[in-house]
Amino acid sequence: MLVMPPEEASEPTELSRKDQILRAYIDFVLNENRQPPSVYTFSKGLGFSESEFYQNYSSFGAVEADFWVQVFERTRGKTTMDLAWERLRFRERVLLFAFTLTQNLLAERSFALFTLKQNRAGERAQGIWRRFHDAFHSFFEPLVSGAIESGELMNRRLLRDRYVDAIWAQTLFVLRFWARDSSDGFERTDEAIEKGFNLTIDLMSRSAVDNVIDYGKFLARNRAIL
Amino acid sequence: MSDRLPITKVERSTKILGTGLRVGVNFLRHYSRRLTGAGSSQEQLDHANAEEIYESLSELKGSALKVAQMLSVDRNIIPKVFADKFAAAQYSAPPLSGPLIMRTFQRDFGRSPDEMFDNFDPVSTQAASIGQVHRARSQGRELAVKIQYPGVRESISSDLKLIRPFAFRLFKIDGKDLDVYMREVEERILEETDYQLELKRSIRFSEVCRGLENVRFARYYPEFSGRKVITMDWLKGQHLREFLSTNPDQKTKDRVGQALWDFYNFQQHKLRAVHADPHPGNFLVLSDGTVGVIDFGCIKQMPEDFYQAFFGLTREGLGRNEIFALFEKLEMLLPSDNPKQREFYGENFLEMMKLAVRPFLEPVFDFANSEYFQKIYAYGDRVSRMPEFKKPRGSKHFIYVNRTNFGLYSILHQLGALIRTDVYPPEVTS
């Protein structure tokens, strides 16, 4: 018989209790297609007290938030572990991230659809999206800075600070698109990723936009002679 | 829905161009402008308009490119600037990003290209109309890996709808009558996006055709092929145009031409199915002077009754009534025709038919013969001015069968090859 050493047992069980709650919550939602009626009945069903739930999560929303953070962490891990990662340009890194994200979500599509439907994801990143958004932000911000240094992206006053927000918005768009996609193997989502992010990044790179601004400035300066 | 579109420069000039898509038997009317109107002002006009049409086409990508490619199948039919623009259309699709290539491989094979091949070039060497080609190496073999753009299949129907108005304007054909032909094109193009079917066909056709002299095929690799990927040997050779620019001697040109003739007529008459894409880009002249065939995406199967009626026309000593009976089977003459119409269409088709079967009537035919091709173009030019031919006629199967045969004739003419046309003759049961 296997006897667990008591000292090491406490940490892992606490971790797994959190995980256990998450899994049980997902399971409940998938079976019932709704949130559990209350934390009390939910905890009781799992055979522990309400306080134990609250030690891990503040609400069901927090459980869903945790789901998305875990999805993000898995995606980030897999993306940056890719052998080619160091060699990739910013554009390819973003694309790889997005493709990996939708790939990772395949196994949990039903639950993802449920939370996407329940919680309108917006650029504001409120509610269950906030933690995902924050993690997303701290991952992409340094990548954007690097891309600006290398000259891949344009450093535009005012707009530069919105670059990560644009990628975040594009990511949410892709998730919503994916939620409604009915093509084989979600091929159309691949197309949405490829075309959408390429355009977003084109706009952040030196492009016609800069020339328009530049020309506008020129015209403004020379209003006198026009 | 109205098929009328505002009269633009494009429309005005396409009237002058009179080139085009071989819809039904109507195709010949488009073989018109080839030798005429080469004056510089004409060319400039063509250029401006080709530019304009190309601009609209290039926004379509995918299947529209395919149609453009189909139209540019032989550059003699379409004015040169026009053809060049269309040819360029093949290269305008944006290349797939590295991550999307990875994604496609993951989905088809569960592995990345780097895991599958000893070496895989992430930069594509060429863009085709519905995919792109990468070079790879595995166990010492040079490979060509064709990867399809995502969403091509889904976009075909909508792209073809977009291209409809262009087709009306370009070819002056009534809207409703065009639909049956557009569906035929749609079907073929849809088939071309089915890479699993293409792989099966490629393997089968290259096996069945293995006995042909001077024709070579790439080896295909099912283990490296999937829903969106086809892997084959990388054939090293020159495209026909490059080959011609090296000024090969007559004997070499004849050999290349004969290989192509054999390849096509073996398929038509022995297999009743034919590689219906005689685009010069689908052939390579290999270093040993043989012809390498690539791309079996477009295969046209000929139903037996169509085959018998069509090639029945090549029989010698047919009487006028027999020929008209065959025309009826081919829907070139319709039951609704009155005697005057029957006489009119019958006579005109008879003239065309006599031209079309000429290479079959002699054991050896010289495709360098400009006089023969001029007659074809003159006929097309004349017919294109006849209002009676505004309505397309003829079985839908004509589109690809004519495209194949006239495409072949045109390539042989470019080669200036002397061909033995009695090998693999039509097999008609009377």
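The C-alpha centres of domain 1 and domain 2 of chain A lie 31 Å apart. These domains span residues 9-57 and 65-216, respectively, with bounds that come from an automatic or database domain assignment. Their contact takes 4 residues from domain 1 of chain A and 5 residues from domain 2 of chain A, where two residues are in contact if their C-beta atoms, placed from the backbone, lie within 7 Å. On the side of domain 1 of chain A that touches domain 2 of chain A there are 4 nonpolar, no polar and no charged residues. Here Ala, Val, Leu, Ile, Met, Phe, Trp, Tyr, Cys and Pro count as nonpolar, Asp, Glu, Lys and Arg as charged, and the others, Gly among them, as polar.

The model is predicted: local features need pLDDT of at least 70, side-chain atom pairs count only at pLDDT 80 or more, and totals for chains, interfaces and linings use all residues. Residues are numbered from 1 along each chain as its sequence is written, while chains are lettered from A and ligands numbered from 1 in the order in which they are written.

Between the chains, 9 residues of chain B are in contact with 11 residues of chain A. Helix H5 of chain B (residues 98-109) gives the most to the chain B side, with 5 residues. That side divides into 3 nonpolar, 3 polar and 3 charged residues. Helices (H or I, at least four residues) and strands (E, at least two) are DSSP runs, numbered from the N terminus.

| Helix pair | Angle | Axis separation |
|---|---|---|
| H5(A) (residues 90-105) and H5(B) | about 30° | 8 Å |
| H11(B) (residues 250-271) and H16(B) (residues 398-415) | about 170° | 10 Å |

Axes are lines fitted to C-alpha atoms, for helices over the stretch in contact, and angles run from 0 to 180 degrees between N-to-C directions. H5(A) and H5(B) are therefore roughly parallel (under 35 degrees), whereas H11(B) is roughly antiparallel to H16(B) (over 145 degrees). The contact of H11(B) with H16(B) has 8 nonpolar, 2 polar and 1 charged residues.

Most residues other than glycine have a negative phi. A:Leu158 has a positive phi near 70° and is placed in the loop between helices H7 (129-149) and H8 (163-180) of chain A. A:Leu158 is exposed (12 or fewer other C-beta atoms within 10 Å of its own, placed from the backbone), with 6 such atoms.

Definitions and conventions:
Angles under 35 degrees count as roughly parallel, over 145 as roughly antiparallel, 65 to 115 as roughly perpendicular and the rest as oblique. A residue is buried if 20 or more other C-beta atoms lie within 10 Å of its own, exposed if 12 or fewer, and partly exposed in between; C-beta atoms are placed from the backbone.
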